[in-house]
Amino acid sequence: MQLEAQEHYQKQSYRNRCYVLTANKVDVLTVPVFQGTHHQPVRDLRVVNDQPWQLTHWRCLQAAYGKAPFFEYYAPYFEPVYQKKWTFLFDLNYELLTICLKLIRFKRSLNLTEWYDKTPPIGLFDGRSIVNPRNGPETYVFHQPVVYQQNFGQEFVPNLSIIDLLFCQGPAAPDVLLAGLQE
């Protein structure tokens with residue numbers, strides 16, 4: 001599987017944010033980054049570490065999922081990520097992606113692109129800009145959300161971080177993901 005590692009940073013994207021369900025609302029966890037431009041490679045985008053975002057994120061995850069059925073099992077995989085000071089956003093994202101793929105037992109290797117192609121070769125699907133917060137929640141290109149028991153509330157909240165699925169469903173998470181794949 002090929003992962004785009006040379007694209008230009010896109011503001012207002014999922015590259016530095018995710019959504020989690022807390023007791024009262026959906027909360028946005030945002031990794032602060034130094035001002036990026038549309039022409040800056042995402043690999044060069046630096047994380048701002050002069051504020052305690054790691055501690056804030058980890059406390060939010062503990063509060064939101066501390067009583068979730070699989071928090072104690074999966075938390076040790078994620079906690080070290082939030083104890084480290086990251087220099088580059090790409091490295092943080094790659095680490096989190098690697099952990100999540102391991103936990104859902106996704107066994108394909110990740111290959112990073114070596115250069116940026118604005119227009120990829122014919123026959124290669126380009127999904128780089130499709131998954132974006134500006135696209136409405138009804139924009140399901142790759143996956144149709146499947147309802148599962150979440151930690152809070154009676155109504156299912158789609159489009160949360162995969163951490164929600166892992167902490168709430170544990171080993172059943174891959175089955176939930178597979179059930180929602182678009183054909």
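**Group meeting: contacts in a predicted model**

Let me open with a charged pair: Lys25 forms a salt bridge with Asp27, and their closest N and O atoms are 3.5 Å apart. The term salt bridge stands for a side-chain nitrogen of Lys or Arg within 4 Å of a carboxyl oxygen of Asp or Glu. By this rule the count comes to one salt bridge. Lys25 counts as partly exposed at 45% relative accessibility, and Asp27 is partly exposed with a relative accessible area of 21%. For these classes, buried means under 20% relative accessible area, exposed means over 50%, and partly exposed lies in between, with a 1.4 Å probe and protein chains only.

A word on the basis of these values. This is a predicted model, in which local features need pLDDT of at least 70 and side-chain atom pairs count only at pLDDT 80 or more, while totals for chains, interfaces and linings use all residues. Residues are numbered from 1 along each chain as its sequence is written, and side-chain values use heavy atoms, with hydrogens and water left out.

I turn to the aromatic rings. A search of the whole structure finds 10 aromatic pairs. The rings of Phe90 and Tyr94 have centres 6.4 Å apart and planes at 20°, so this pair is stacked. The rule takes rings of Phe, Tyr and Trp (its six-membered ring) as paired if their centres lie within 6.5 Å; planes under 30 degrees apart count as stacked, over 60 as edge-to-face and the rest as tilted. Both Phe90 and Tyr94 lie in helix α3, residues 89-103, four residues apart, or about one turn of the helix. Helices (H or I, at least four residues) and strands (E, at least two) are DSSP runs, numbered from the N terminus. Phe90 counts as buried at 9% relative accessibility, whereas Tyr94 is partly exposed at 30%. Elsewhere, Trp58, Tyr65, Phe71, Phe78, Tyr82 and Phe167 form one aromatic cluster.

What does the side chain of Gln54 reach? It reaches the backbone oxygen of Lys84 at 3.2 Å, and a polar contact of 3.1 Å joins the side chains of Gln54 and Asn49. A polar contact is a pair of N or O atoms within 3.5 Å; within protein, one must be able to donate a hydrogen and the other to accept it, and residues adjacent in sequence count only if both atoms are side-chain atoms. Gln54 belongs to helix α1, residues 53-65, and counts as buried at 6% relative accessibility.

Now the nonpolar core. This is a set of buried Ala, Val, Leu, Ile, Met, Phe, Trp, Tyr and Cys residues joined through side-chain atoms within 4.5 Å. The largest such core has 44 residues, and those with the most contacts inside it are Leu61, Tyr65, Phe78, Tyr82, Leu92, Leu166 and Phe167. Two or more residues come from each of β2 (17-21), α1, α2 (71-83), α3, α4 (162-169) and α5 (173-179). The largest share, eight residues, comes from α3.

With contact meaning heavy atoms within 4.5 Å, Tyr82 meets Trp53, Gln54, His57, Trp58, Leu61, Leu96 and Ile163, leaving aside neighbours within four places in sequence.

Leu101 and Pro174 are 73 residues apart in sequence and 9.7 Å apart in space, C-alpha to C-alpha.
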